[in-house]
Amino acid sequence: MLNDTQIIGADLGRGYIKGYSSYKEAKECMFKSIVGQGRDIDFTTYNNPIYISADKEDYFCGVLAEKEGDNPTQNSKDDKTSKTAKKLLYAVLNEIAVTDTVEIMLGVPNKMFRKSTLTDIKNAYAGKNIKIKDLIKGSTKNINIKNISIYRESDAALLYAINIAKNKNELQNKVTGMVSIGFRTTEISYFDKNMKFNDSKSTTLEKGNRSVLDYVRKKIESNGLIKELNEIDSSNDYDDMKQLGYENLLENIDQSIENMWINWPEMHIFMAGGTSLKFKNIPNKFNIVDDPQMLTARGLSLVGERVFNDGQKNN
């Protein structure tokens with residue numbers, strides 16, 4: 001570990017956890033948003049298994065937690081300071097932190113981007129020293145969370161998408177939007193010309209990958225089958241039902257966008273989020289970004305570099 005400060009973007013989604021840092025060299029991670037009590041098993045059959053010890057508890061994360069963990073728990077709450085969320089954030093640090101000190105830009109939905117949320121998150125994490133032991137690799141990290149802040153998830157994704165676009169200057173002078181489709185929600189952000197955020201035209205829609213999985217679960221329960229949502233998500237047995245669900249979800253989102261943004265024909269609208277990878281025949285109004293599942297974490301890292309570095313300059 002290095003005696004320096006590393007800035008990390010953390011996207012604690014309900015379906016997947018994503019982390020990104022450009023410190024020295026780009027480092028990123030992505031794993032399922034599931035934790036479970038751990039134990040010693042044969043890990044050789046898993047790719048990048050996560051088994052760590054933090055806050056006096058040993059636990060699995062990701063697919064390992066889903067398949068092998070006792071009491072597997074999905075990160076389904078809005079609260080970014082829940083016990084499950086903390087475990088997952090510490091797993092991100094174990095995966096990509098390379099310094100003794102970190103600053104974290106944490107993504108939150110539009111509806112949670114408020115001072116009370118920031119206060120709760122700072123109280124939970126800022127200034128905390130955490131010892132994380134990797135129980136598979138045998139390594140230990142002692143990390144100080146020097147600072148932490150929050151930013152709207154879809155805004156971070158949009159800022160990053162524009163920042164890396166070849167026509168960056170053209171986009172900055174155009175009305176733009178981001179539709180980021182996650183596990184439980186779809187985050188919608190609207191920016192007027194010159195990248196001015198418009199709160200009245202931005203919102204959180206309570207629909208996402210879970211909407212499709214709930215539909216499939218109800219269908220199979222009528223045949224006497226009981227499955228957890230993550231099991232349905234991972235299985236190929238219900239692809240026909242899931243695809244119909246994704247077609248309807250896309251249509252629903254498309255209709256919502258046209259109702260909310262009546263000027264959509266003149267806009268440049270990005271689409272991101274892991275659920276977008278499941279869509280077929282996406283309307284031409286949407287511009288799919290590269291690697292849509294990681295975009296928010298990369299954007300949060302970019303925002304973090306600007307916010308925290310500016311703060312250091314002002315001190």
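Which residues is Phe31 in contact with, leaving aside its neighbours within four places in sequence? In this predicted model, the partners of Phe31 are Tyr16, Ile17, Ile50, Cys61, Gly62, Leu88, Ala91, Val92 and Glu95.

Phe31 belongs to the largest nonpolar core, which has 35 residues. Phe31, Leu93 and Tyr125 are the residues with the most contacts inside this core. Helix α2, residues 83-96, gives the most to the core. The contribution of α2 is eight residues. Another core lies apart from the largest one. This other core has 25 residues, including Val179, Ile188, Leu213 and Tyr246. In soluble globular proteins, nonpolar side chains tend to be buried together.

The largest pocket was examined next. Its volume is about 580 Å³. A total of 34 residues line the largest pocket. Nearest the centre of the pocket lie Gly15, Tyr16, Lys18, Gly182 and Phe183. Four elements each supply at least two residues of the lining: β1 (2-12), β2 (16-21), β11 (176-181) and α7 (229-234). The largest share, three residues, comes from α7. By class, the lining has 15 polar residues, eleven charged residues and eight nonpolar residues.

Ser256 lies in helix α8, which covers residues 239-260. Ser256 has a relative accessible area of 15%, so it is buried, the cut-off being under 20%. Not counting residues up to four places away in sequence, Ser256 touches Leu205 and Lys207.

Asn309 is found in helix α9, residues 295-314. Is Asn309 buried or exposed, or partly exposed? The relative accessible area of Asn309 is 31%. This value falls between the cut-offs of 20% and 50%, and Asn309 is therefore partly exposed. Leaving aside its neighbours within four places in sequence, Asn309 is in contact with Ile7 and Gly304. Gly127 is 182 residues away from Asn309 along the chain. The C-alpha atoms of Asn309 and Gly127 are separated by 17 Å.

Notes: Residues are numbered from 1 along each chain as its sequence is written. This is a predicted model: local features need pLDDT of at least 70, side-chain atom pairs count only at pLDDT 80 or more; totals for chains, interfaces and linings use all residues. Side-chain values use heavy atoms; hydrogens and water are left out. On a 1 Å grid over the protein atoms alone, a cavity is a set of points where a 1.4 Å probe fits but cannot get out, and a pocket is an open set with protein on both sides within 12 Å along at least five of seven lines; lining residues have an atom within 4 Å of a point. Grid points are joined across faces, edges and corners, and a volume is the space filled by probe spheres set on the points. Ala, Val, Leu, Ile, Met, Phe, Trp, Tyr, Cys and Pro count as nonpolar, Asp, Glu, Lys and Arg as charged, and the others, Gly among them, as polar. Buried means under 20% relative accessible area, exposed over 50%, partly exposed in between (1.4 Å probe, protein chains only). Contact means heavy atoms within 4.5 Å. A nonpolar core is a set of buried Ala, Val, Leu, Ile, Met, Phe, Trp, Tyr and Cys residues joined through side-chain atoms within 4.5 Å.
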